[in-house]
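Please keep the structure in view while reading.

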Amino acid sequence: MGSGEARDPGTGRVIVLGGGISGLLAAWHLRERGREVEVWEASGAPGGWAQTLPWPGPGGEPGFLERGPQGVLVGRDGPLVRLIGELGLTLRGAGPKGPRWLAKAGGRHPSPATPAGLLRAPGLTTPERLRMLAEPFVPCRPDSTEDLRSYFSRRLGDGFVRELLPALVAGVLAAPPERIGLETLPRLRRLEARGGLLIGGLRTGAEHTRVPCAGEACGVGTLAGVLADRLGCVLTNRSARAIETLPGGGWRVHGEDVVGEVDGLVLALPAAVSAALLRPLAPEAAALLDAIPRLDLRVWHSRHAPVPGWERGIGLLVHPPEGRGLLGVASFAADDPRGVPGLFQLRTYLGGAYPVDPELSDWAGVWRELRRWLLELGEPVQVREEACPGAFPLLEPGHGARVARLLAALPPRLHWLGAARFGPGLPDLAEGVEAWARSWPDLGPGPA
Ligand SMILES: Cc1cc2nc3c(=O)[nH]c(=O)nc-3n(C[C@H](O)[C@H](O)[C@H](O)COP(=O)(O)OP(=O)(O)OC[C@H]3O[C@@H](n4cnc5c(N)ncnc54)[C@H](O)[C@@H]3O)c2cc1C
């Protein structure tokens with residue numbers, strides 16, 4: 001696909017910019033449809049946030065940390081589960097199965113993400129508890145323009161929204177519920193369409209956090225690594241610097257010392273990077289991309305002596321603003337192959353849309369805050385911070401309309417994918433990219 005090659009517009013050759021999970025999925029689907037594809041990834045490895053990085057133990061033992069998700073929340077079926085099967089990977093349990101808590105009012109309570117936790121949750125009056133139990137009788141009227149706060153208020157009542165929802169949303173999406181549009185959470189919309197949270201949940205089947213494994217190798221990054229290997233067309237350390245249209249249609253992409261010419265171009269990049277590339281050609285699309293807020297996360301990884309009772313892992317969600325910027329905590333289970341045997345591995349999230357107290361600017365402050373909620377935890381034997389600037393796009397209410405305007409403002413034969421379009425969850429990305437590939441409107445049918 002170099003500039004020296006003759007370009008044949010009939011073959012439908014494509015460059016995908018960005019080798020994160022969105023770009024890899026896009027390349028996979030295009031390849032399946034007979035396209036000649038190349039992926040340009042700016043960094044030294046594929047996967048983007050979905051990478052499992054080596055983090056040796058104190059004695060140099062093999063150990064790992066997840067740069068982004070610790071696992072993927074999946075049910076029995078769906079595009080991501082099917083792809084994992086096609087790649088010959090297996091899925092093993094990864095979510096904490098031990099105690100899960102809500103940190104609130106200076107104490108620890110059962111997590112409201114479990115039925116027992118919901119019923120015993122602090123701060124709710126008896127009518128508010130009954131209102132939650134009445135959820136199956138609430139009429140279903142899916143409304144994609146709602147924000148998360150109004151959705152849950154309608155389904156579970158104001159007590160749930162006041163006392164429990166902020167921690168649940170902060171621990172997953174790092175922002176207050178009123179700042180997040182429902183339209184970007186296909187799972188919640190689907191549940192409502194199928195009868196509500198409880199009934200729809202029963203109909204859809206349980207979802208669990210699982211981690212992809214290839215033999216002994218486990219980690220979310222395994223999925224990206226195996227996808228990239230199977231594709232065989234992922235070029236790392238290749239950053240796109242500029243793009244331009246070619247006279248007969250098609251695209252020229254400029255890297256540092258290399259130029260590629262293709263019929264179609266896919267941007268699977270952070271919104272700000274896509275905006276910078278598009279600005280000279282499509283200023284309206286660039287402005288719309290620039291307007292999508294990004295959330296910065298700070299993630300601390302720490303290893304500690306094992307704590308009796310926590311062998312199956314723990315989870316803690318903090319009711320904002322009580323954590324002063326600390327949003328949640330999750331651990332590996334003792335038998336997780338990514339952990340170092342004999343040590344308890346924790347990860348602590350801070351920031352997102354919430355201001356972080358200056359006292360929590362270093363590990364000493366984070367540690368003091370952690371000990372408010374996790375008294376059993378001993379001093380760490382290892383600590384490492386992984387800053388995640390621009391970790392999540394903030395998909396505000398009205399985001400769907402913004403995306404529609406953006407898609408209309410893109411030049412022909414240029415596609416835009418990623419978390420800012422489909423939502424940050426890997427299953428949502430897999431579903432969105434698969435649907436996009438099925439439509440593939442402007443490159444013709446491709447070779448049979
Ligand atoms: C701490 C954290 C926790 C998370 N937890 C979960 C979770 O529990 N469950 C879940 O489903 N999701 C979770 N996510 C979200 C999920 O990881 C992301 O939404 C997803 O990985 C985004 O994939 P992407 O390919 O769209 O973008 P990215 O991963 O951002 O990939 C974009 C790629 O483009 C490359 N790039 C940038 N500029 C250029 C250029 N000029 N040229 C070429 N390449 C370029 C980058 O190097 C990068 O590899 C989490 C994310 C973080 C950070």
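In this predicted model, a polar backbone atom of Ala42 lies 3.1 Å from a nitrogen atom of the ligand. A backbone N or O atom of Ala240 is 3.0 Å from a nitrogen atom of the ligand, and an N or O atom in the side chain of Ser239 is 3.5 Å from a ligand nitrogen atom. On its own the ligand has 1000 Å² of accessible area, of which the protein covers 87%.

**The shell around the ligand**

- The elements that each contribute two or more residues to this shell are α1 (21-32), β16 (294-304), β20 (382-393) and α16 (426-439).
- There are 32 residues around the ligand, and those that come nearest are Ser22, Glu41, Trp49, Pro424 and Leu426.
- By residue type, the shell divides into 20 nonpolar, 8 polar and 4 charged residues.
- Because domain 1 (13-48 + 219-293 + 395-439) and domain 2 (54-66 + 90-96 + 294-393) both give residues to the shell, the ligand lies between them.

**Strand β19 and its partners**

- In strand β19 (residues 344-351), 8 of the 8 residues are buried, so the strand is largely enclosed by the rest of the structure.
- Strand β16, which also gives residues to the ligand shell, runs antiparallel to β19 and is joined to it by 8 bridges, with Ser302 standing opposite Leu346 in β19.
- Strand β18 (residues 326-331) likewise runs antiparallel to β19, with 5 bridges joining the two, and here Val329 stands opposite Thr348 in β19.

Definitions and conventions:
Residues numbered from 1 in each chain as written. Predicted model: local features only at pLDDT ≥ 70, side-chain atom pairs only at ≥ 80, totals over all residues. Heavy atoms only, no water. Near = heavy atom within 4 Å. Polar contact = N/O pair within 3.5 Å; in protein donor to acceptor, adjacent residues only side chain to side chain. Areas by Shrake-Rupley, 256 points an atom, 1.4 Å probe, with all protein chains shown as cover. Helix = DSSP H or I, 4+ residues; strand = E, 2+ residues; numbered from the N terminus. Nonpolar A, V, L, I, M, F, W, Y, C, P; charged D, E, K, R; others polar. Domains from an automatic or database assignment. Buried < 20%, exposed > 50% of the residue type's maximum accessible area, 1.4 Å probe, protein only. Pairing = 2+ DSSP bridges.
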